[in-house]
Amino acid sequence: MDNGEMSGHNFDGGFNTLISEEGLQDGEHPNPSTNQGRKQEFRYSVTLGRHYRPAVVSLAVLAAVLLIVDICLGVRYNKLKDTHLTHDDPENINDELNKLHDAYKTAIETMHSYKKEMDRETSRQTQTNWESEHQTKRQRDYEGQFDKLTKDLATLRHRLPMIRDGCRRCPPGWVLMNSLCYYFSFATVTGYKSWQKARDFCRMFGGDLAVIDSKDKENSTVNYLISFLTSKSNMGFWIGLKDSHEEGTWKWLDGTILVEGYWNEGEPNDINNEDCAGVYPRENFFKAWNDVSCDAMMKWICEKAPTSTS
């Protein structure tokens, strides 16, 4: 019999016989009739063992993992034992906590104290701001009063020589200005006149309508008007300036051609044959003239040379 037969038959049969004989009790002999059943039981046991082998391997791996975890826990425990708290540590920690608590209370109290001081300072600052606003307002009022007093003083200084010299060198109702006597028809009784009627009035008193042929004359004349009226007044005063027969050429009463005029914006515009000139009390005296129809009714300004009192 060859080796294959020994492997496939005799070895298997011998092993099965061994297993079967181990299952006999003392004094029993093998029963050929039950031998076949025992062979089948053995094969089932071997097959069942092969089926549960992965589970056994898994259990072995799990056991190894648990062992490793146990070892790690042991090491960790030993480290904890090496660094465990002493008997005095809880008391020290409690002392530190108390110190921190006291420091916290102190910080809170300090913060409240600072807040109260800040509130008091804010209140004082508010009152200071109120006082500053009040003082600023008073300063503006004083500045306004000072400006008004300055203007009033300048007006008085301007009128003083007029009154002094006028009483001496100009007729009553006339004022000395720019070395000439001027009459301003402010009085209501004089009424309003056309340009020609106004000129006739001036000539009746030895004068004529005013000739304003310089910046100084223009400035002093307009300022004098403003001193009695307002810069917003629409009242005009005839002066001795008229458009000649050559349209657009303005001449003074003595025939002198106008060199420098003080016309308002857009003037002269010659609307409805406006051939005569009038001066108005405007703050900007460089823009105080308008051309007006000669038949319009307006106030006027006369001028004449002063008379000697000797």
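1. On confidence, the protein has an average pLDDT of 76, and 69% of the residues reach a score of at least 70. Where pLDDT is low, the predicted coordinates should not be read in detail.

2. Helix H5 spans residues 195-204, and its buried residues are Trp195, Ala198, Arg199, Phe201 and Cys202. These residues lie on the same side of H5, because the arc they cover around the axis is only 155 degrees. The face turned away from this buried side carries Lys197, Arg203 and Met204, which are exposed.

3. Which strands are included in what covers the buried residues of H5? Among them are strand S2 (180-184), strand S3 (208-209) and strand S4 (237-243). Strand S6 (276-279) and strand S8 (299-304) also belong to this cover.

4. The salt bridges in the model come to a count of 8. One of them joins the side chains of Lys115 and Asp119, with an N to O distance of 3.4 Å. Both residues belong to helix H4 (residues 89-169); because they are 4 residues apart there, about one helical turn separates Lys115 from Asp119. Lys115 is partly exposed at a relative accessible area of 46%, and Asp119 is likewise partly exposed at 39%.

5. A salt bridge also links the side chains of Glu117 and Arg120, at 2.5 Å from N to O. This pair, too, lies in helix H4, with a spacing of 3 residues, about one turn of the helix. An α-helix has 3.6 residues a turn, so residues three or four places apart point the same way. Glu117 has a relative accessible area of 36% and is partly exposed; Arg120, at 42%, also counts as partly exposed. Glu117 and Arg120 are linked with Glu121 and Arg124 in a network of salt bridges.

6. Is Lys217 buried or exposed? Lys217 counts as buried, with a relative accessibility of 17%. Its salt-bridge partner is Asp213, and the closest N and O atoms of the pair are 3.2 Å apart. Asp213 is partly exposed, at a relative accessible area of 48%.

Methods
Residues numbered from 1 in each chain as written. Predicted model: local features only at pLDDT ≥ 70, side-chain atom pairs only at ≥ 80, totals over all residues. Heavy atoms only, no water. pLDDT = per-residue confidence, 0-100. Buried < 20%, exposed > 50% of the residue type's maximum accessible area, 1.4 Å probe, protein only. Helix = DSSP H or I, 4+ residues; strand = E, 2+ residues; numbered from the N terminus. Arc of directions from axis to C-beta. Contact = heavy atoms within 4.5 Å. Salt bridge = Lys/Arg side-chain N within 4 Å of Asp/Glu carboxyl O.
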